[in-house]
Amino acid sequence: AGRHEECVSRGVQILCQLKFDIPLAPTPESVMKAMASTDGVASKFSADEMMNLCEKAIDDSVHRAIGIIDAFYCSCYVSSSPFLPLVCCAVIQFSLEHGICPESLA
């Protein structure tokens, strides 16, 4: 589990450098805040609008950012990291803002 935790720690540090809003010390309150914020963002979209995001031209930087998340997402899961719900919320909000690419759905 040590390698997974190290992977999660590095991944979160990279996401913070990329200006993702993920606290360095997750708490139940920060998870609830992230979930409420994600719900607020997602509720502004209809199902059709979300489907249209799948057809939007995606910038290479978006593919790279989602690829970074994909690289450590499994480590969040395997290590039962408290970062898992925060990372999920971050990728949902990021995808709704920038478009949904195949990596977003992994």
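Predicted model: local features only at pLDDT ≥ 70, side-chain atom pairs only at ≥ 80, totals over all residues.

Visitor: What pattern does the protein follow along the sequence?

Guide: The secondary structure holds five helices and zero strands. The pattern is α-α-α-α-α.

Visitor: What radius of gyration does the protein have, and why is it called as compact as a globular protein of that length?

Guide: For 106 residues the globule rule gives 13 Å. The protein's own value is close to that, so it is as compact as a globular protein of that length. Its radius of gyration is 14 Å.

Visitor: How many positive and negative side chains are there, and how far apart do the centres of the two sets lie?

Guide: Lys and Arg count as positive, Asp and Glu as negative. On that count the protein has 7 positive and 13 negative side chains. The distance between the centres of the two sets is 8 Å.

Visitor: In which helix is confidence highest, and in which is it lowest?

Guide: Across the protein the mean pLDDT is 88, and 94% of residues reach 70 or more. Helix 2 (residues 28-42) has the highest confidence, at 96. The lowest, at a mean of 85, belongs to helix 4 (residues 60-78).

Technical notes:
Residues numbered from 1 in each chain as written. Heavy atoms only, no water. Helix = DSSP H or I, 4+ residues; strand = E, 2+ residues; numbered from the N terminus. Rg over C-alpha atoms; globule rule 2.2 N^0.38 Å. Charge placed at Lys NZ, Arg CZ, Asp CG, Glu CD. pLDDT = per-residue confidence, 0-100.
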